[in-house]
Amino acid sequence: MSDNPGTAALARMLAEAKRVVVFTGAGISTESGIPDFRSPGGIWTQMAPIYFDEFLASEEARRETWRRRFVMEDTFKAAEPNRGHRAVDALVRRGKVAAVITQNIDGLHQASGIPPEKVIELHGNTTYATCLDCGQRYEIADLRAIFEKTGAVPPCSECLGHVKTATVSFGQSMPVLAMQRAEQETRAADLFIVLGSSLVVYPAAGFPQLAKHNGAKLVIVNREPTPLDQMADLVLHEAIGDTMGAAVGVN
Ligand code: APR
Ligand code: ZN
């Protein structure tokens with residue numbers, strides 16, 4: 001057991017909890033080499049987000065969206081689940097964690113071994129693409145090959161609709177089923193653990209608050225302070241990998 005009092009307190013809360021929900025943001029994947037958004041040097045400190053209506057309206061915005069995605073491809077491909085992901089997976093295997101609600105699009109929770117049905121992706125998934133009109137699925141590698149040849153991702157071969165990664169952009173509607181499941185799991189939890197989120201994006205950041213208002217204990221493990229720290233039962237401004245690894249007993 002860790003001699004860090006915060007980690008020991010977290011371990012105790014995990015031992016006492018009956019049904020835990022883990023809620024993750026980009027901060028759990030930085031130790032896998034994927035940059036987050038709002039830390040110094042994070043993605044939104046380098047470029048402005050492209051909103052969904054821009055993506056629909058402008059060929060240039062679609063080109064830039066795809067350029068950004070393909071630039072990240074080698075980083076995503078090289079990324080492996082880290083100690084933080086392994087700790088969450090261990091809690092799922094022990095039957096402690098009923099569901100992982102994630103804002104992340106990198107698929108690393110599934111790659112760590114968590115069954116896909118236990119991972120609720122609020123902002124979708126960037127490991128494949130779909131046509132926005134007919135839903136036809138497209139593989140990133142195929143689209144990258146075309147983009148590198150022609151400088152653009154062509155419209156859907158079935159219906160000429162726009163093709164976009166299966167992610168939710170700012171201004172795009174949230175996935176209804178994922179939101180419903182996230183609410184159900186949040187209401188059923190007696191312990192809600194936030195790992196690596198600045199908790200500034202809604203509706204996602206509403207779930208820790210719903211958990212707390214519904215009587216669950218709230219834990220936030222995040223390097224920087226968040227707007228919800230004062231309502232949490234335990235706040236650890238520490239690295240997720242070591243903190244969760246020590247609290248759960250995984251390397
Ligand atoms: N250990 C602990 N905390 C970390 C670590 C780490 N190894 N690495 C980063 N963090 C913290 C940062 O301090 C930061 O506060 O994780 C947080 C990540 O916050 P954001 O970069 O804002 O990411 P996130 O909260 O997931 O963003 C939410 O915004 O841009 C949209 O759709 C995007 O899902 C994303 C959403
Ligand atoms: Zn189509």
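Four donors count as tetrahedral if all angles lie between 85 and 135 degrees. Donors here are N, O and S atoms within 2.8 Å of the metal (3.2 Å for Na, K and Ca); water is not among the atoms, so sites may look incomplete. This is a predicted model, in which local features need pLDDT of at least 70, side-chain atom pairs count only at pLDDT 80 or more, and totals for chains, interfaces and linings use all residues. Residues are numbered from 1 along each chain as its sequence is written, ligands are numbered from 1 in the order in which they are written, and side-chain values use heavy atoms, without hydrogens and water.

**The zinc ion**

Cys 131, Cys 134, Cys 156 and Cys 159 each give an SG atom to the zinc ion (ligand 2), at 2.2 to 2.3 Å. The 4 donor atoms subtend angles of 98 to 120 degrees, so the arrangement is tetrahedral. Ideal angles for four tetrahedral donors are 109.5 degrees. The spacing of the donor residues in sequence is C-x2-C-x21-C-x2-C. Cys 131 sits in strand 4 (residues 124–131) and Cys 156 in the loop between helix 7 (140–150) and strand 6 (163–167), so the pair ties together parts 25 residues apart in sequence. Helices (H or I, at least four residues) and strands (E, at least two) are DSSP runs, numbered from the N terminus.

**Ligand 1**

The shell around ligand 1 holds 23 residues, and the closest are Glu 31, Arg 38, Trp 44, Ser 197 and Ser 198. A residue is near if one of its heavy atoms lies within 4 Å. Domain 1 (1–33 + 81–123 + 174–251) and domain 2 (35–78 + 124–167) both give residues to this shell, so ligand 1 lies between them. The domain bounds come from an automatic or database domain assignment.

Three polar contacts (pairs of N or O atoms within 3.5 Å) are listed here.

| Residue | Protein atom | Atom of ligand 1 | Distance |
|---|---|---|---|
| Ser 198 | polar side-chain atom | oxygen | 2.6 Å |
| Arg 223 | backbone N or O atom | nitrogen | 3.0 Å |
| Glu 224 | polar backbone atom | oxygen | 3.4 Å |

The protein covers 95% of the 730 Å² of accessible area that ligand 1 has on its own. Areas come from the Shrake-Rupley method with a 1.4 Å probe.

**Backbone details**

Most residues other than glycine have a negative phi, and most peptide bonds are trans. Leu 160 has a positive phi of about 70 degrees. A cis peptide bond joins Tyr 202 and Pro 203, with omega about 5 degrees.

Methods:
Polar contact = N/O pair within 3.5 Å; in protein donor to acceptor, adjacent residues only side chain to side chain. Tetrahedral: all angles 85-135°; square planar, octahedral: opposite > 155°, others 65-115°.
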